[in-house]
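Here is a briefing on one protein model. Look at the structure first, then work through the points below.

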Amino acid sequence: MSFSSMAKDELIRLPLGKECCMLSELSALTQTSGSLALRGLGRVQVTYRVENAALARRIFLLLRTRLGITARLHFVQHTRLGGRRSCVLTLGDQDSQTLLLALHMMEQDEEGHIALRRTAPRHPMTRQCCRRAFLRGAFLGCGSVTSPEKGYHFEWVAEDQSLRQTLERLLEKSGLPVHEHVRRGQNVIYLKGAQEITDMLALMGATHAVLEMENIRITKQMRAGANRASNCDEHNSERMLNAADGQIEAIKLISIQRGLFTLPPGLREMARLRLEHTSLSLAELGQLMEPPVGKSGVNHRMRRLMDIANEIRLTLPPVAREGKEERT
Ligand SMILES: [Zn+2]
């Protein structure tokens, strides 16, 4: 089973949840897997079409539990697509109307005239529980996640513009960045990097998938660490030590001449860690910072420390400067 199917399988088995959340999940599933057919005289029919029978069952249960709707289920065999089978859930006219009114996808005026609307669902915008339910429903309906063994990529293929806008707003509200691109004419909203994807899996409630992802991530890091260690030849480690020596010397100079307390907090932390861990690389020091700082960030900080030390050197009397030059 692929990592994506595994995560979906886990989500499909989650309890249906609170009344508000059931509606939010149904809203996402209707927008991603549902279709509307206009049948004249203001009648509309909602149909869901999904590949996964367990997902069809979940939609069936959500409809029945939350709205008392019983959908008709049948299967469609695709002769062209290698005999693959789709599950189709069909709602009657009255049930379709009940659903669309509940989801605020339809409005009915006092005279009974009906108008369809494409608006963002209300609950997920204000309630965190519903935000999770909507993101889960959207993932089940149009999402996928790459196996962490191969890479870090999570996406929703969202053709509908209002669905895209809803997802964007929910990601922003969840503190996650929005990445979008068009691939072979399809609009894709995606997450990248292990952290963003783990956050999303946790948000949706896929606890086992999160653990699996963390395990694979740690194994990969250890493997990369072992490779790095064996690639690190004598020359490299010698160069790293020399660099570290120069850095420590610069920091000591700042400390003696001005005091480390005169540095801004970020630089002070950098200086302190460099003095405490003389054998670590700059990238490793970055990982010890709170919060962790990337390689370019630590390089930047170290450069500023070296600049400050150089400024101090220029103000020192010539004798001291010569003494310094002789030592290097
Ligand atoms: Zn809720």
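The points below cover a helix pair, a sheet, one aspartate and one further helix.

This is a predicted model: local features need pLDDT of at least 70, side-chain atom pairs count only at pLDDT 80 or more, and totals for chains, interfaces and linings use all residues. Residues are numbered from 1 along each chain as its sequence is written. Helices (H or I, at least four residues) and strands (E, at least two) are DSSP runs, numbered from the N terminus.

**Helices α2 and α6**

- Two packed helices are described by the angle between their axes and the distance between the axes.
- Helix α2 (residues 19-33) packs with helix α6 (residues 128-142) at an angle of about 30 degrees, and their axes are 7 Å apart. Therefore α2 is roughly parallel to α6.
- Axes are lines fitted to C-alpha atoms, for helices over the stretch in contact, and angles run from 0 to 180 degrees between N-to-C directions.
- Angles under 35 degrees count as roughly parallel, over 145 as roughly antiparallel, 65 to 115 as roughly perpendicular and the rest as oblique.
- Among the residues in this contact are Cys20, Ser24 and Leu29 of α2, and Cys129, Phe134 and Leu140 of α6. Contact means C-beta atoms, placed from the backbone, within 7 Å.

**The sheet**

- An open sheet of 4 strands runs in the order β7-β8-β10-β9, with antiparallel pairing. Two strands pair if DSSP finds at least two bridges between them.
- β7 (143-145) and β9 (179-183) are the edge strands, and each pairs on one side only.
- On average, neighbouring strands of this sheet are turned by 25 degrees against each other, direction ignored.
- β9 pairs with strand β10 (residues 186-192) over 5 bridges, in the antiparallel sense. Here, histidine 181 stands opposite valine 188 in β10.
- α6 packs on the sheet and touches β7 and β8 (153-157). The direction of α6 makes about 85 degrees with that of β8.

**Aspartate 95**

- Aspartate 95 sits in helix α4 (residues 93-102).
- Aspartate 95 is partly exposed because 19 other C-beta atoms lie within 10 Å. A residue is buried if 20 or more other C-beta atoms, placed from the backbone, lie within 10 Å of its own, exposed if 12 or fewer, and partly exposed in between.
- Glycine 68 is 27 residues from aspartate 95 along the chain, and their C-alpha atoms are separated by 8.8 Å.

**Helix α8**

- Which residues of helix α8 (residues 194-204) are buried? They are Ile197, Thr198, Met200, Leu201, Leu203 and Met204.
- Just after α8, glycine 205 takes a positive phi of about 100 degrees.

Conventions:
Two residues are in contact if their C-beta atoms, placed from the backbone, lie within 7 Å.
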